[in-house]
Amino acid sequence: MPNNENMAAFRRDTGLQLLLVPLALSGNTLFPTLLAVCVRAAAEATRRPELVEMTARNGRELTGYYHLLPARRCAMLAATVAGLVAVQVCMVCGMEWGGALRGMGPWEKVSNALFVAVNSRHTGESTLDLSTLAPAILVLFVLMMYLPPYTTWFPFEESSGVKDHPTEETQGSRLLKSTALSQLSYLAIFIIAICITERENLEEDPLNFSLLSIVVEVASAYGNVGFSMGYSCSRQISPDRLCTDRWTGFVGRWSDSGKLILILVMLFGRLKKFGMKGGKAWKLG
């Protein structure tokens, strides 16, 4: 971050925001789509057989490279990202036009809404004070931070040229897999644990230590985003004369136990790819 106040100092600089938006998209959610475009362009320019074969078939299966997705999946990924960003921009503009976005021109408001919407997935930069946003917007941001980067609306059957070979599993390994929970279940456990470690702050300072603030912090850590609601001395019910407003993350006011739990959440979120199939042993209904 260029300064202590995140990107709030650049809320009127629409040029910088629009320069950073493509970088955030190309390095995260749209990376497979841009990679597929580059491979296709290289195949057309060089006509090398291996590149042509990669464009005609599933590049991930040929090379083992995780980010090489089929062309149709890449197109649907780009459409999904555009749709999710559009929903967030409409929500921010519709609910905060005269609120968190006041004092700016129409173009600046749209630019700030777009910047925050794009950053809600993974980058974590913000030109707005998240604590001033409507709860409905914060819940939407929590959902965006929870979604994996390549979440795609794909109403087609994904064909695969690789045949699955049956593997023999021991009873112990099957039992171990059955004990794994879903990602959402683990997040709920982390939130409960943090609410226990911060129970005194939740009682004494409920405006800062609200459940929604904790959920936003946990979802941000899980998605490795970096969004934070911050902490404001003016929201204290029992004002502390020694309290000074500093642009620090909300977790800076947590206990050491809560901070350690959030560190585990960040590590868990970074390694979530290896546990996405958990929770299948639970049958609801």
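I started with disulfides (a pair of cysteine sulfur atoms within 2.5 Å), and a search of the whole structure gave one. Its partners are Cys233 and Cys243, with sulfurs 1.9 Å apart. Both sit in the loop between α11 (211–222) and α12 (256–270), ten residues apart; helices here are DSSP runs (H or I, at least four residues), numbered from the N terminus. The link is left-handed, at -75 degrees about the S-S bond. Cys233 and Cys243 are both buried (buried is under 20% relative accessible area, exposed over 50%, partly exposed in between, 1.4 Å probe, protein chains only).

For bookkeeping, this is a predicted model: local features need pLDDT of at least 70, side-chain atom pairs count only at pLDDT 80 or more, and totals for chains, interfaces and linings use all residues. Residues are numbered from 1 along each chain as its sequence is written, and side-chain values use heavy atoms, leaving out hydrogens and water.

Next I looked up salt bridges (a side-chain nitrogen of Lys or Arg within 4 Å of a carboxyl oxygen of Asp or Glu) and got three. Glu108 and Arg12 pair at 2.9 Å, N to O. Glu108 is in helix α6 (residues 106–119) and Arg12 in the segment before α1 (14–26), 96 residues apart. Glu108 counts as buried because its relative accessible area is 17%, while Arg12 is partly exposed at 49%.

Arg47 meets Glu44 at 3.5 Å, N to O. Arg47 is exposed at 52% relative accessibility, and Glu44 is exposed at 51%.

Key. Helix = DSSP H or I, 4+ residues; strand = E, 2+ residues; numbered from the N terminus.
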